[in-house]
Structures are given as structure tokens and as C-alpha cells.
Amino acid sequence: MEEVTVTARTATRAATRGVLYVHSAPSALCPHIEWAVSGVLGVPVSLDWTPQPAQSGSYRAELSWTGEVGSAASVASALRGWNHLRFEITEEPTAGSEGARYSFTPELGVFHAVTGLHGDIMIPEDRLKAAVVKAALGDTTLLVEIDKLLGKPWDDELETFRHAGEGAPVRWLHQVV
């Protein structure tokens with residue numbers, strides 16, 4: 001039997017899981033994505049890349065992962081800003097944390113939403129109040145602001161890439177925490 005030393009740091013780590021969807025990436029970027037995700041999750045990652053029919057010359061992959069709470073944010077931070085990359089990553093809620101969803105497109109940047117137990121986006125009160133004030137000042141409409149809070153511009157841009165990837169395989173990757 002292996003002996004495990006529990007420290008204050010490791011005793012407070014919570015495990016969660018999620019899915020990384022790389023919707024489109026040029027072939028030259030694929031190994032860099034694997035290295036970045038490996039660095040965050042702390043285990044080797046080798047994705048099964050398939051051609052992305054929605055964009056000639058690009059590839060897609062999916063990875064189901066298990067890791068520490070906050071891993072989705074770390075992966076999103078590691079991948080954000082890369083040219084020609086489109087991705088989403090989700091993180092399931094735990095007993096001590098909400099879930100998360102991140103979406104990225106080169107044109108829009110990163111979208112982040114807190115998600116509840118059933119995957120619904122939970123919008124904080126102050127963000128709703130700010131949207132109402134912005135709409136009342138005539139800068140925009142309330143519908144446009146709510147769409148932004150829900151990530152609709154990102155969903156609209158990624159929808160073509162999501163459908164093109166239906167039926168692709170998903171692999172689970174486990175990290176010991």
C-alpha cells in the first residue's frame with residue numbers, strides 16, 4: 001500500500017471534471033494545445049485530432065478531464081489569445097464551488113459564465129443591474145446586454161463549429177489530486 005502525505009494544501013483541494021472542446025485549430029497549433037493543457041492538468045495529454053469540416057485546414061478535438069477546481073480557468077488562460085483557435089471548456093460544480101463555462105473565439109475573446117448544478121448560467125445581480133443602467137442610458141438595449149451576459153455572441157459564432165463536430169469521440173483523462 002502506498003503512503004500518502006496530506007498537507008494543508010492537498011487536504012483542501014477539490015476534484016471536479018469537465019470537457020474541453022477545441023472547435024478549430026490549425027495543424028501547427030495542435031501540439032502546442034496538448035502541451036498547454038498537459039501543463040495545467042499535470043498529466044500528459046494526447047488528443048485525437050479530426051479534420052474540422054467547417055473550416056478547411058483546421059482540426060478539432062474533445063477531451064473529458066478530471067482535475068482540481070479552477071482547472072477550466074487555468075486552461076482557458078493558457079489558450080486564450082492564440083490566433084485561429086476556437087474552444088470551449090466546462091467545469092462541473094462541486095459541493096464547495098460553482099461550475100464554469102469558458103468560450104473563446106479570435107474575434108470576441110474570452111467569455112466566462114458561472115454555471116449551476118444543472119448547467120444553467122447564473123448571472124450575478126450587479127451585472128444585471130449594470131445592464132439595466134446601460135440600457136436606460138440609451139447606450140444599448142436590454143436584450144443586447146442580456147444576450148452578452150448569456151454568451152449569445154460566442155454561441156452564434158461557435159454554432160457552425162459545434163455541429164460540424166457532432167459524433168466525434170470523447171476520451172476521459174483522470175488526474176490524481
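**Exercise 1. Find where pLDDT stays under 50, and say how many contacts beyond four places in sequence the model has there.**

Solution. Start at residues 1-8 of this predicted model: pLDDT stays under 50 over this stretch, and the model gives it two contacts beyond four places in sequence. Next take residues 170-177, where pLDDT also stays under 50. For residues 170-177 the model has 33 such contacts.

**Exercise 2. Determine which strands join β1, and in which direction they run.**

Solution. Begin with β3, residues 58-68, which is joined to β1 by 10 bridges. β1 and β3 run antiparallel.

**Exercise 3. Classify the ring pair F87 and F104, and state which parts the pair ties together.**

Solution. A search of the whole structure gives two aromatic pairs. For F87 and F104, the ring centres are 5.5 Å apart and the planes meet at 20°. Planes under 30 degrees apart count as stacked, so at 20° the pair is stacked. Now locate the residues: F87 belongs to strand β4 and F104 to strand β5, so the pair ties together parts 17 residues apart in sequence.

**Exercise 4. Describe the largest pocket: its space, its lining and the strands that supply the lining.**

Solution. The largest pocket holds about 160 Å³ of space. Its lining consists of 13 residues, and those closest to the centre are T90, E91, A100, T115 and G119. Sorted by type, the lining has five nonpolar, five polar and three charged residues. As for strands, β1 (15-26), β4 (86-91) and β5 (99-105) each supply at least two lining residues.

Technical notes: Residues are numbered from 1 along each chain as its sequence is written. This is a predicted model: local features need pLDDT of at least 70, side-chain atom pairs count only at pLDDT 80 or more; totals for chains, interfaces and linings use all residues. Side-chain values use heavy atoms; hydrogens and water are left out. On a 1 Å grid over the protein atoms alone, a cavity is a set of points where a 1.4 Å probe fits but cannot get out, and a pocket is an open set with protein on both sides within 12 Å along at least five of seven lines; lining residues have an atom within 4 Å of a point. Grid points are joined across faces, edges and corners, and a volume is the space filled by probe spheres set on the points. Helices (H or I, at least four residues) and strands (E, at least two) are DSSP runs, numbered from the N terminus. Ala, Val, Leu, Ile, Met, Phe, Trp, Tyr, Cys and Pro count as nonpolar, Asp, Glu, Lys and Arg as charged, and the others, Gly among them, as polar. Two strands pair if DSSP finds at least two bridges between them. pLDDT is the predictor's confidence in each residue, from 0 to 100. Contact means heavy atoms within 4.5 Å. Rings of Phe, Tyr and Trp (its six-membered ring) pair if their centres lie within 6.5 Å; planes under 30 degrees apart count as stacked, over 60 as edge-to-face and the rest as tilted.
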